[in-house]
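Here's a quick tour of a protein model. Have a look at it first, then we'll walk through a few of its parts.

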Amino acid sequence: MSARDRCHPRMVTPIPDPTTTTAWRTLEALAAGGEHSDLGALFSADPRRVDRFSVEAVDLRVDFSKQLVSPEVRAALIALAEECGLADRFARALSGQRINTTEDRAALHTALRRPRDDSVLVDGTDVMPAVHATLDHMKAFSEAVRSGIWEGSTGRAISTVVNIGIGGSDLGPAMATQALWAFARPDIDVRFISNVDPADLVTELAGADAASTLFIVASKTFSTIETMMNATSARQWLFDELGDAADVSRHFVALSTNAAAVTAFGIDPANMFEFWDWVGGRYSLCSAIGLSLMIAIGDENFSQMLSGFRAMDRHVAESPLHSNAPFLAALVGIWNRNFLGMSTLAVLPYSEPLRRFTAYLQQLDMESNGKSVRIDGSPVTAETAPIVWGEPGTNGQHAFFQLLHQGSTVVPADLIGFLEANDDRGDQHRQLFANMVAQAEALAFGRSAEEVAKTDSDPDRVPHRTFGGNRPTTTTVATKLTPSVLGQLIAFYEHKVFAQGAIWGINSFDQWGVELGKELAMAVVDDLDSESFDAASHDASTSALIELYRTT
């Protein structure tokens, strides 16, 4: 161990190569044998299959019975998790060890939802006092905005809140604010700007009254290019709208750690909300990044969401593998990805408020586990993250479900639904829930040519109306979409992604793949305006595109 590691303990325990384990070889044999491949046969063989393959996790009921998993496959998957040391990796993460080795950081987002009287050490320092100091700061500020005590520079109360961020500083709060619309204040409009495309800013500021608009600028370093360009344009909009009456300090607050840059922008550092390097952007909703959400739904509902996160954290920490819902979901995903050759995952929430949930999971999963090297820098030995995509039902049924049912590519799907709606239109919600259940049934069991022929007298049409079935799905159901349930859902997928990364032996907490394009973009920006542009400094295609821009 190096001197650096002695001072800053990292996770230096060797990570097993999953493909060398006994369980992996067993799974390969099971996949080749094909006993798992007929869902109809699996259900016929076990009348209690639904009970055996469903798990209760806090308020979620997760039904894996329509996955192409036999009891033997499930046992081998659990053995794989054990051989790969999943429980140990998870314990190391919870204890604050620096499992993000390439950035020499802990990955301790779970501390953001721990109770005030807990103690979590990072390099010997208890982080919980700082976590709850920030939550207290957020509560005080959000209550000031919601009550009208916080006023803009002309004395108007705030009626529009605009979060300016990108990636995790946008996707999390934007998704959650939409998801929890039923719990939000109707007289405070919360909007989100992320894209450096000016159309995003222009669209989101349309109709806003500058005198009653508050901007939340979310950038840890206060140097994220897209975020700071949008923030600078928003500040200019404020000046243009209010003229001499504009006071940046009454209309902008910062989620950052760079007090000097925040002050230089014109924001009072007293209105800077801190977060830490052991919180990755895609895991940051429970931190200061959630300020816009807290303003929308209030501290009490935000606290309920944190309690949901915390309850799922406990479920994972305390449940054995055979009843650990997120870890079982991870293992089923590994079975589909590595042994059945299914490279994508459709996430299909039957809930319009969750319309941004799949986009949120795209970053969570693909940025975390879209890696081709293991923790030790060696090439991965198995395919990693699936391509995550999807839309809410029933919209998706009239778009891409044709491929899901009859396409040549089998796509596993996660369906998410609720027994009750958050409004009083019960008939429509009943139809929505029925569609989710029916789609899972159709994907699993299909319709044979013989069944079609009984109702269709045209034999030429029979093959077109035949459904092969055996399309795997997991169905997750809760009573209602509440703040607590949303927290449980997000934490469920966080832990699923962690478990898959741990088994593949990759670092789920860095994102170096984001960097190269950003670095090159800075050089291209200079070349777009440079009088001394050298076409030889880029490849021919890139230089041609730069010249096209320069001559337009």
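## A parallel pair

Let's start with strands β5 (residues 160-164) and β7 (residues 213-218), which pair in the parallel sense over five bridges. Strands here are DSSP runs of E with at least two residues, helices are runs of H or I with at least four, and both are numbered from the N terminus. Two strands count as paired if DSSP finds at least two bridges between them. Zoom in on N163, and you'll find that its bridge partner in β7 is I216.

This is a predicted model, where local features need pLDDT of at least 70, side-chain atom pairs count only at pLDDT 80 or more, and totals for chains, interfaces and linings use all residues. Residues are numbered from 1 along each chain as its sequence is written, and side-chain values use heavy atoms, leaving out hydrogens and water.

## The whole sheet

Zoom out, and that pair belongs to an open sheet of five strands, ordered β6-β5-β7-β8-β9, with parallel pairing. At the edges sit β6 (189-193) and β9 (272-273), each pairing on one side only.

## A separate hairpin

Now for β1 (residues 54-57) and β2 (residues 60-63): these run antiparallel and are joined by four bridges. S54 has D63 as its bridge partner in β2. Two residues lie between the strands of this hairpin, and V58 takes a positive phi near 60°.
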